[in-house]
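Look at the structure below and keep it in view while reading. The paragraphs that follow go through it part by part.

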Amino acid sequence: MVEESKKESSKQDEMPDWSEYRGVMIFIEQRAGEAKNVSWQLLGEGRKLADKLEVELIALVIGQSVDRLATDAIAYGADRVYLADAPELNEYRTRPYSRVALHVIREVKPEIVLFGATATGRDLAGAIATHLPTGLTADCTILDVEPHPSRLLLASRPAFSEKMLATILCKRYRPQMATARAGVFEAAPYDSARKGEVQKVSSLLSEEEIETRVLQFIEATDRFHLEEAEIIVAGGRGLGGPEPFKLLQELADALGGVVGASRAAVDAGWIGHAHQVGQTGYTVRPKLYIAIGISGAVQHLVGMQNSDCIIAINHDQDAPIFKVANYAIVGDLFQIVPALTQAVRAQRSAALSQQVPHEVVE
Amino acid sequence: MLHIVVCVKQVPDSREIRIDPKTNTLIRDGVPAIANFYDMHGLEEALRIKETLGAKVTVVCMGPPPAVKSLKQCISLGADEAVLITDRGFAGADTLATSYVLGLSIRKVAEVFGQVDIVFCGKQTLDGDTGQVGPGVACRLDLEQLTYVSKVEQIDVETGRITVNRLLEDGVEVVEAKLPVLITALKELNDVRRAPLPGMIRAARFQPTIWTTQDFPELDRSKIGLKGSPTIVAKTWVPESKQVSTEFVEGQTAEVIAGKLVAQLWKTELPVRFGW
Ligand SMILES: Cc1cc2nc3c(=O)[nH]c(=O)nc-3n(C[C@H](O)[C@@H](O)[C@@H](O)COP(=O)(O)OP(=O)(O)OC[C@H]3O[C@@H](n4cnc5c(N)ncnc54)[C@H](O)[C@@H]3O)c2cc1C
Ligand SMILES: Cc1cc2nc3c(=O)[nH]c(=O)nc-3n(C[C@H](O)[C@H](O)[C@H](O)COP(=O)(O)OP(=O)(O)OC[C@H]3O[C@@H](n4cnc5c(N)ncnc54)[C@H](O)[C@@H]3O)c2cc1C
């Protein structure tokens, strides 16, 4: 022990030989056989890291009746999938899942392992990193790697209530582990022609050896999937109450989108937390984001600034939200929003009555 | 009687931290140090269990000497014992090194104050914000881990089983486990009480137990502090806001503005994409 710690300290900054550790591994989170989107997003990002390091992208699928997810993982970019499929793995529980994951990680020796920064991902990653042991960076929003020979994972995460970003390194341990935020990275297009290898692994604990029981899962009913929406019409404190959200809903309906909100509107009780965009809500990257009566505090911006097109409506021309907006309208939302809804409806019915459908135009 | 340990970290209230716009550095002056608020929900739950089932509540904090302030606050609310784990050697710890020291400390708490049945941690802290210490401590002590708990439904002291609700992104999971367990607390767990006067009086005189590296004969120095931390913060920076060219859409009336904006939107790929 003493010997070892001396060695450690003398070469604190030198990198040990990690050549046994190769590959990027992604944990595929699922419930009832349905994968969480963050898993595919991480495969998309993991593919880039693996290509840069010239290694395999590996997926780890754990559950019951989840072989379809192994196929999907390949279609989303994995070269190899480790699949543990057993009744006792049906629901997520820390011990049986971490036992399987630890076994695979120790055998395969990936240099990087990524998890979604979800309740399940953090629960599992926290247990695994302590067992291994290795470093674990939390809640990353930017991932990159240094090329060979250092091959370091550059894991960056918001710090101090999102006011700063911190890049965190793990030089002296392998694998390098991180959890990464949902909605930040982009999944690659599904390619059913991609080829990959699936390797089965067995579950390591029998039901009798597991002390925890999931008695029930009550799915949230008001939970619509804000992160998956491609068009979001979001309202803030400027709305002044719950009623005006109807105006936003009408605009959202006209566009085929959903309604989002700032924390101020959620805290005021005007709309449910499932609608909140930002640091303590959801991170979204829709094709179109319309911010209405939202000032644009950093904690809101971090949740939406990667949207493809941003429209901001605010009567204060100095509102920070305009800095990230592609289109800015300085004016009273109570006049602009209904007019916009009308204009969209009119334009859409005009388009409908045209002979040539849009799809053919391209 | 049950013995409950609550892990409490004293943190700068990061909500109050500002960035100096000239130097892009943190302005820490005047930022108050507080007991991490998720941890206080853990303490509150421990106190409620104490009131209904009978329990001893011990608070554990690793941090510099001023963290005594948070421990005294816990005492004023009704905790029975408080331990401060403090030593230069512990400084600079990441979550792996922190869970190592907290694990050892809770083992020692069990030796000194009695066998531990439940450990509460907060969901995450306001400063490091990782949420990794709870699972880490559970792992060190080989406890069942129940994270993101929004409600303690039931504790059956006879059978040693506990039922909790876990609040996840997509719903609520009801889980039953066997004691001893580690729970990470959400704010939904309860409303934190105010300190009663007798509690405040007790806290004023209270001296927490203090343990340093000397108190842990089995301590492996390569596993603590900066040296025992695999992760290092390589750099911090203030993100530049995305550079976009903002087009101000203007007009005399709302209708004109709306018309112009829609005309712009119809020049993009959006109508084709969404079949507008
Ligand atoms: C900007 C920044 C980024 C960081 N990023 C990482 C990272 O990605 N990975 C990493 O490993 N470390 C990271 N750290 C270091 C880490 O935050 C440590 O400070 C660590 O000691 C505690 O982790 P935490 O604050 O995240 O605790 P969390 O894991 O969020 O804390 C959960 C709970 O554990 C208990 N707890 C935590 N610390 C203590 C304590 N000292 N005493 C008593 N109870 C405690 C509390 O109940 C708390 O609510 C970072 C630090 C900074 C400043
Ligand atoms: C730790 C932490 C986490 C946070 N997490 C989040 C988060 O996840 N999401 C989030 O959104 N916030 C979050 N916040 C809060 C954030 O700092 C802001 O307070 C919040 O985003 C403000 O909401 P708002 O823009 O709706 O309200 P305000 O800042 O009050 O802005 C209202 C805007 O409406 C405009 N307005 C008013 N009337 C009209 C009108 N008639 N027509 C047009 N414009 C009008 C005003 O000019 C103003 O710009 C967090 C804060 C902290 C400290």
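Ligand 1 lies between chains A and B. This is a predicted model, and the text describes the model as it stands. Of the 37 residues around ligand 1, those that come nearest are A:Ala159, B:Gly122, B:Gly128, B:Thr130 and B:Val133. Helix H3 of chain B gives four residues to the shell around ligand 1, the largest share. Sorted by class, this shell has 17 nonpolar, 14 polar and six charged residues.

Ligand 2 also lies between chains A and B.

Next comes the meeting of the two chains. How many residues of chain B are in contact with chain A? There are 70 of them, and they touch 76 residues of chain A.

One link between the chains is made by strands. Strand E18 of chain A, residues 327-330, pairs with strand E15 of chain B in the parallel sense, over two bridges. In that pairing, B:Glu247 is the bridge partner of A:Tyr327.

Another link is made by helices. Two packed helices are described by the angle between their axes and the distance between the axes. Helix H9 of chain A (residues 333-353) packs against helix H6 of chain B at an angle of about 50°, and their axes are 8 Å apart. H9(A) and H6(B) are therefore oblique to each other. The crossing of H9(A) past H6(B) is right-handed. From H9(A), the contact uses A:Gln335, A:Ile336, A:Ala339, A:Leu340, A:Gln342, A:Ala343, A:Val344 and A:Gln347, while H6(B) contributes B:Ala254, B:Glu255, B:Ile257, B:Ala258, B:Gly259, B:Leu261 and B:Val262. By class, the contact of H9(A) with H6(B) has 10 nonpolar residues, four polar and one charged.

Within chain B, a second pair of helices can be described in the same terms. H3(B) and H4(B) pack at an angle of about 50°, with 8 Å between their axes. That makes H3(B) oblique to H4(B). H3(B) passes H4(B) in a right-handed crossing. On the H3(B) side the contact is made by B:Thr95, B:Leu96, B:Thr98, B:Ser99, B:Tyr100, B:Leu102, B:Gly103 and B:Ile106, and on the H4(B) side by B:Val133, B:Gly136, B:Val137, B:Arg140 and B:Leu141. These residues divide into seven nonpolar, five polar and one charged. B:Val133 is also one of the residues that come nearest to ligand 1.

Now turn to chain A and its sheet. Seven strands form an open sheet with parallel pairing, in the order E7-E11-E6-E1-E4-E5-E12. Which strands are at the edges? They are E7 (136-140) and E12 (197-201) of chain A, each of which pairs on one side only. From one strand to the next, the twist averages 20°. Inside the sheet, strand E1 (residues 24-28) and strand E4 (residues 57-63) of chain A pair in the parallel sense over five bridges. A:Ile26 stands opposite A:Ala59 in E4(A). Helix H2 of chain A, residues 37-53, lies across E1, E4, E6 (112-116) and E11 (176-180) of chain A and runs at about 175° to E1(A).

A few backbone details remain. The peptide bond from A:His148 to A:Pro149 is cis, with omega near 10°, and A:Pro149 lies in the loop between strands E8 (142-145) and E9 (153-159) of chain A. In chain B, the peptide bond from B:Leu179 to B:Pro180 is cis, with omega near 0°. B:Pro180 is placed in the loop between E11 and E12 (181-185) of chain B. Finally, B:Asp142 is not a glycine, yet has a positive phi of about 55°; B:Asp142 sits in the loop between H4 and E9 of chain B.

Definitions and conventions: Residues numbered from 1 in each chain as written. Chains lettered and ligands numbered in written order. Predicted model: local features only at pLDDT ≥ 70, side-chain atom pairs only at ≥ 80, totals over all residues. Contact = placed C-beta atoms within 7 Å. Pairing = 2+ DSSP bridges. Axes fitted to C-alpha atoms, helices over the stretch in contact; angles between N-to-C directions. Parallel < 35°, antiparallel > 145°, perpendicular 65-115°, else oblique. Left-handed = near helix turned anticlockwise from the far one by under 90°. Nonpolar A, V, L, I, M, F, W, Y, C, P; charged D, E, K, R; others polar. Near = placed C-beta within 6 Å.
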